[in-house]
Structure formats: C-alpha cells, structure tokens
Amino acid sequence: MKKQYKILLTLVVAVLCGASVFGMCWGYFSTGSDDSQLSNSNNKTAAPVKPTATVKPTVQPTAKPTSQPTAQPTATPEVTEDRTTIPGEVVVFAGDGCYTWWTNALAFRYKGQKNQTYLSYVNEEGQMSLASFDHDKAEFNYSNLADFEKDDHNSAALTILPNGKILAVYARHSADKFIRWRISNEPEDITSFGEEQRITSGGTVTYIQLHKISDSEYRIFYRYSMSHWSTRIYNWVEDTWTDEIVWLTEPLGKQFYLWTQEDKQEGKINVFMTAHPVNGPDQNIRYGYFDEDGKIYTTGDKLLGDLNVAATNVLSPRDFDVVYEAKEGEHTRLYDVSYMGDRVGVLYGVGNDGYNSKYYYAYYDNAKGQWVNNYICDSGKAAVVGNMYFGGLSFDKKDMQTLYVARREGDLYRMEKWTTTDYGATWSAPVVIDESTSATKIIMRPIIPYNASEDIDVIYIKGRYPTYLTYDTDIVFYAD
C-alpha cells in the first residue's frame, strides 16, 4: 500500500506541475526534496555563455545501437515494501564490464517519469555500454553506444537534459581526435539513441568530464594530446559547440590527470590535478577552481585565466596551489573530489612503488587558510603493480565524512566503509562490505552515483584485472 500511495501522489504532482516539466520541478537528478541535488542543477537561468564561434557537428550515419552486452544478471533483486534491493547483498549491475576513474559522470540516479540509476561502462567486447536499474520495478536494461577496442578508458560521460533525454559524450583512449555524442530518442530510456555525431579536436582526446552550466549549455573538460587539457561548451538546443580552448599544459610533455567536481557554491567547479604516478615530473597534488563565468582561480581566489579565451601563455600545473607536496621518490594517485561538500576535499594515495600506498583525506581549512592532510589507511598491493592501479576510494556524495575504500588486506581484496566526524583526524572502525575469494580476484574503483537511492550506496568492480585491455570483471553494487 505504501508504494501504491507513492505512485498516486506522483501522478497528482505530475498533473499539477505539467508532464513536460515534472522532471525539473525539484532538481536535476531528483524530484524529492529529501534527495541530494547537483549544484549545477539548481534550475539556473543565468544567460548562457556567448561563444565567439560555433561549430556544427558531423553526423555519422552508420552509428547504430549495437547488440546487448554479454553476461548480464539473469535474476532481479527481491522486491520489498520499502526498497528493491536486499540490504547487505552484493548485486551484479553489469556483467563483463569495467570503467576508468577519469570520466564524469559515470553513474547517477534520476527521478522523473521513472526512478532509475544509470551507469556507463565498457564491456569485454569493447562496446561502449549503458545500464539502467529501475528502483520501482527492480528491472535492469542494457544498450550499447558504440563499438571500439576493448579498453576500460573508453567509458562515456552521461547526463540528463532538461527534457529528460540522456546525453552521452565520449571519446576513445587517445586513439583519435573525435569527440562523439548521442542523445536518447525518448526521455529516461537507454535502449534507443539518435545517430552518433562527432566534432574534431586539434589533438587526440580522452577522459570526458561533463558539467551543466545553464539550461541550454554543458561544458566538457578532456585531455588533449596526452599532456594538455582542453574545454568546449555544447549547446544542446542549437546542437553546436564552441571553439576548443586549451587551458592547461604540462610543459615537460608527460601525461597529466585532473578531476573536476561541483562545489556547494552555485556555478563553482573544483579541480584537483597530478601527474602520471609512474613517469610524471610533478607528483604534487594541486588545486584550482572555475567560477560560473569560466574564470580560473587557485587557493586564495587568485585569478589565473579564463576558460572562454584562448591564452597566449597556457597555464601550467605549477601555477596552481599545492595540496600535498610529494617527497623525492614518492608517487601519487588522485581518486576523488568532494561533491557539494561543506568543505573542499580530495582523496589521494602516496607510495614509492606498486606494492603499497597510503590513502589520504585532505580538506581546506578556511579559518587557518591552509590544507589539512589526514592519513586514512594503507592500500596494500596494487591490482596492476606496474601501473600502480591500487583499489582506490571515494566520497559518499551525500556525506563527505563517509568513504568507500578498496584495499588489499593480506592476500585478499576488500571493499570497506569508513566514517569520520572530524574530517579524517580520527576514524571509526571500518565495516567490511565485500571480500575477494583469492588474490587473483580484485575489488577496486568504488564510485557513488550522484543523487544515490537507498537501494545503491556504492558501485565497484570485481574479477580478474591483468590490465586495462584484458580485464574479466563484473560491475556490482551494494547498499546497507
């Protein structure tokens, strides 16, 4: 009866709000006031950025939806009165799949006409794939966006447009110069997409990170020719892109990584960055942010540049403030950035080789005007020692003092839940969520969906992972 009452109430609200705007009445990924909201989803009505030039896309008529991903769950979770997953049970979300850290967003829940969590990944056949889980019906759906080589770095960035349709923006792993995108034919439906379109970059591209900046515009960040980062703005109403702006360059020509995430301050996007842990010349963890007008700053509101203007002298990572200063011989990995947190926070690892690293929780103390770096735990041996692919950790997006931590304890890999009340100065005893059955079965890369339902607390990868090209893994989820 409780679920029937909820459905009846939803229908009444839909009539009052109007079906065409129901998905936007309360927020970007949610219609309930008790759900966490995306800061770039506050129905912002500020005038969109005016591009100096727009570029019309090239339509690729041969891009069609491909076959279903293989080895998907054959049974749905048991439905209870209050939720559609069983507390404490690990459930396969997408069989034979994997994803990389560096694409955003990989997973989110949107509550509109349906109540679904969406996931982007790459299956074991190299197909760029999507999965959805309906929280009301306990049903899974699957589809594929494109057929590329088997490489977990190829996963797409996803978002929901104001009309409820799904926008997927994607690129191969520095294999060509194309930024590709597709839009679903129907709202909240991953099973049917329009034709693939693409636009050409000046260099090879990878790692799309996608952010809504107005009702009609979305900004993407992406790595460009290995050692640079660029940005463009997509206007989904006009189906146009602004010119490419290269805003960050590693002057020594090595691979460089960054992670962008919304701040609780409307229009602000935080960015943390570091080099490749194996060969990068600058292993420091660094910080900056962008305001709603695209201006680039670092700590202390120091203005550095403008995302909307091609600079004569492109910024270097050394222009940004140091959060953690790496000692000689140390290697760092960036894992996650707090989402709309009450403080600006970052999770990262520090080690000397692939056999262990130390996980850290850092935040900016406004009163002291400095970064505070707190130790969490050791990671144990990496899944891939040569690439320093440690298990990793992520913030709970509703509470930056709750973490999901993947690490190796002895010969086995674990997924654990860690909590703190003082931003990492002290920690409660961790709760073990899941543990592998052997040293060859890894558990790694926890991600938390934006606007997560009580049905899904954390999503992660399980299985064999020799390399990012030869994985044999499933993507699973868990909730308390």
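Biologist: What does the secondary structure of the chain come to?

Modeller: In this predicted model, the chain has 34 strands and 1 helix.

Biologist: And how much of the chain is buried?

Modeller: Of the 480 residues, 59% are buried. The accessible surface comes to about 18300 Å².

Biologist: What share of that surface belongs to carbon and sulfur atoms?

Modeller: Those atoms account for 50% of the accessible surface.

Biologist: Now contacts. Taking those between residues at least 6 apart in sequence, what percentage join residues at least 24 apart?

Modeller: That would be 55% of them.

Biologist: Let's switch to charges. How many salt bridges turn up in the whole structure?

Modeller: The search finds 20 salt bridges. One of them pairs the side chains of Asp282 and Arg286, with N and O 2.7 Å apart.

Biologist: Are Asp282 and Arg286 buried or exposed?

Modeller: Both Asp282 and Arg286 are buried.

Biologist: Which residue does Lys358 form a salt bridge with?

Modeller: Lys358 pairs with Asp378, and their closest N and O atoms are 3.2 Å apart.

Biologist: How accessible are the two partners, Lys358 and Asp378?

Modeller: Lys358 is partly exposed, at 35% relative accessibility. Asp378 is also partly exposed, with a relative accessible area of 25%.

Biologist: Why does Asp176 count as buried?

Modeller: Its relative accessible area is 12%, and buried means under 20%, so Asp176 falls in that class.

Biologist: Moving to the backbone, where is there a cis peptide bond?

Modeller: It joins Asn104 and Ala105, with omega at about 5 degrees. Ala105 belongs to the loop between β4 (97-98) and β5 (107-111).

Biologist: I'd like to check phi as well. What is the value for Asp301?

Modeller: Phi of Asp301 is near 60 degrees, a positive value in a residue other than glycine. Asp301 lies in the loop between β21 (295-298) and β22 (302-306).

Biologist: Is Asp301 buried or exposed?

Modeller: Asp301 counts as exposed, at 55% relative accessibility.

Biologist: What about phi of Arg445?

Modeller: That one is near 55 degrees, again positive in a residue other than glycine. Arg445 is located in strand β32 (residues 442-447). With 2% relative accessibility, Arg445 is buried.

Biologist: Last topic, Thr242. Where does Thr242 lie?

Modeller: You'll find Thr242 in strand β16 (residues 240-242). Thr242 is buried, and its relative accessible area is 12%.

Biologist: What lies 2.9 Å from a polar atom of the Thr242 side chain?

Modeller: The backbone nitrogen of Ile233 is at that distance.

Key: Residues numbered from 1 in each chain as written. Predicted model: local features only at pLDDT ≥ 70, side-chain atom pairs only at ≥ 80, totals over all residues. Heavy atoms only, no water. Helix = DSSP H or I, 4+ residues; strand = E, 2+ residues; numbered from the N terminus. Buried < 20%, exposed > 50% of the residue type's maximum accessible area, 1.4 Å probe, protein only. Contact = heavy atoms within 4.5 Å. Areas by Shrake-Rupley, 256 points an atom, 1.4 Å probe, with all protein chains shown as cover. Salt bridge = Lys/Arg side-chain N within 4 Å of Asp/Glu carboxyl O. Polar contact = N/O pair within 3.5 Å; in protein donor to acceptor, adjacent residues only side chain to side chain.
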